[in-house]
Amino acid sequence: MPVPWEALIPFGLVASMFAAAGTLLNISKRAQNLGKPPRYHIDTWDEMLMDRDKRLTGHIRGQTSNAIAPEEFKTNSVWYTERTR
């Protein structure tokens, strides 16, 4: 049975489009996360740490090595914005 060579061109185009879409999606995800891979299976503890990192650095993936928090960190807690019952 002969090989249909004319089918290889569309197959190559479809395969390269899937590869390009996957690569662009990976680049977009990493650009949104400051060059780090995306996080999966985030639990409550991780959400609290991400909130803390956002309040410290301005981005949920940002981290700082300063031992002393900035002065505005004392007053930008989420507890001050929650309503009491």
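User: What share of the contacts between residues at least 6 apart in sequence joins residues at least 24 apart?

Analyst: In this predicted model, 29% of the contacts between residues at least 6 apart in sequence join residues at least 24 apart.

User: Where does Lys-36 lie, and why is Lys-36 called partly exposed?

Analyst: Lys-36 is placed in the loop between α1 and α2. Its relative accessible area is 29%; because this value falls between the limits of 20% and 50%, Lys-36 counts as partly exposed.

User: How do you know that Arg-61 has no salt bridge?

Analyst: The nearest side chain of opposite charge is that of Asp-53, 7.2 Å away. A salt bridge requires a separation within 4 Å, so Arg-61 has none, although Arg-61 is buried. Arg-61 is found in the segment after α2 (44-57).

User: Which backbone oxygen lies 2.9 Å from a polar atom of the Arg-61 side chain, and which residues does Arg-61 touch?

Analyst: The oxygen belongs to Pro-37. Not counting residues up to four places away in sequence, Arg-61 touches Asn-33, Leu-34, Lys-36, Pro-37, Pro-38 and Arg-39.

User: Why is the pair Asp-53 and Arg-52 called a salt bridge?

Analyst: The closest N and O atoms of Asp-53 and Arg-52 are 3.0 Å apart. The limit is 4 Å, and therefore the pair is a salt bridge. Side chains of opposite charge can pair when their charged atoms come close.

User: How many salt bridges does a search of the whole structure find, and what makes Arg-55 and Asp-51 one of them?

Analyst: The search finds 2 salt bridges. For Arg-55 and Asp-51 the closest N and O atoms are 3.7 Å apart, and the pair qualifies because this is within 4 Å. Both residues lie in helix α2, 4 residues apart, about one turn of the helix. Arg-55 is partly exposed at 24% relative accessibility, and Asp-51 is partly exposed at 33%.

User: What makes the phi values of Leu-34 and His-41 worth noting?

Analyst: Most residues other than glycine have a negative phi. Leu-34, in contrast, has a positive phi near 60°, and His-41 has a positive phi of about 55°. Leu-34 is found in the loop between α1 (8-32) and α2, and His-41 lies in the loop between α1 and α2.

User: Why is His-41 called exposed?

Analyst: His-41 has a relative accessible area of 80%; this is over 50%, so His-41 is exposed.

User: Which residues does the UniProt annotation "transmembrane region" cover, and what is the secondary structure of residues 7-27?

Analyst: According to the unreviewed UniProt entry, the annotation covers residues 7-27. In the model, this span is 95% helix and 0% strand, and its end C-alpha atoms lie 31 Å apart.

Key
Residues are numbered from 1 along each chain as its sequence is written. This is a predicted model: local features need pLDDT of at least 70, side-chain atom pairs count only at pLDDT 80 or more; totals for chains, interfaces and linings use all residues. Side-chain values use heavy atoms; hydrogens and water are left out. Helices (H or I, at least four residues) and strands (E, at least two) are DSSP runs, numbered from the N terminus. Buried means under 20% relative accessible area, exposed over 50%, partly exposed in between (1.4 Å probe, protein chains only). Lys and Arg count as positive and Asp and Glu as negative; His and the chain ends are not counted. A polar contact is a pair of N or O atoms within 3.5 Å; within protein, one must be able to donate a hydrogen and the other to accept it, and residues adjacent in sequence count only if both atoms are side-chain atoms. Contact means heavy atoms within 4.5 Å. UniProt positions are given in the numbering used here, feature names are shortened, and annotations may be inferred rather than shown by experiment.
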